[in-house]
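My notes follow the order in which I looked things up.

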Amino acid sequence: MIFVTGPLFAGKREYICKALGWSEEDLARRGIWEVQNLAGQEEDLEKLAKNLAQYEVVIATEVGGGVVPVDPAQRQNREAAGRLACLLAQRADRVIRVFCGLPQALKGELP
């Protein structure tokens with residue numbers, strides 16, 4: 001599995017489609033994105049990470065930077081998203097961070 005992360009609107013989906021020679025339709029069939037939104041709804045993050053790791057590509061937006069939310073539920077969702085990202089990175093063969101459209105291999109090599 002390839003785990004791709006980076007800030008909002010950084011070009012994560014565009015990069016991985018270009019790098020793998022996939023269309024948006026290919027990505028919709030073989031990958032999943034915005035998985036950080038699933039973390040706050042799941043009590044068992046290990047189980048969620050295991051299920052998500054079955055996709056060829058998993059994409060998450062980094063949510064840990066910036067101002068810490070005042071609302072406790074928002075802080076809990078943000079914490080869960082960060083923990084999910086760590087679990088996915090552990091399971092991934094490759095971890096790629098995309099920033100300003102530029103990929104950086106954090107684990108493995110760029111495709």
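**Helix 4 on helix 5**

I first took the pair formed by helix 4 (residues 45-52) and helix 5 (residues 72-91): their axes come within 9 Å and cross at roughly 50°. That makes helix 4 oblique to helix 5, oblique being what is left after under 35 degrees (roughly parallel), over 145 (roughly antiparallel) and 65 to 115 (roughly perpendicular). I noted the crossing of the two helices as right-handed, with the near helix turned clockwise from the far one by less than a right angle.

I then listed the contact (heavy atoms within 4.5 Å). Helix 4 gives L45, E46, L48, A49, K50 and L52, and helix 5 gives A80, R83, L84, L87, L88 and R91.

The model is predicted, and local features need pLDDT of at least 70, side-chain atom pairs 80 or more, while totals for chains, interfaces and linings use all residues. Residues are numbered from 1 along each chain as its sequence is written, and side-chain values use heavy atoms, without hydrogens and water.

**The sheet**

Next I looked up the strands (DSSP E runs of at least two residues; helices are H or I runs of at least four). Five strands form an open sheet in the order 2-3-1-4-5, with mixed pairing; a pair needs at least two DSSP bridges. Strand 2 (31-32) and strand 5 (102-107) are at the edges with a single partner strand each, so one side of each has no neighbour in the sheet.

Strand 1 (residues 2-6) runs parallel to strand 4 (residues 94-99), joined by four bridges. I found R97 in strand 4 as the bridge partner of T5.

Notes
Axes fitted to C-alpha atoms, helices over the stretch in contact; angles between N-to-C directions.
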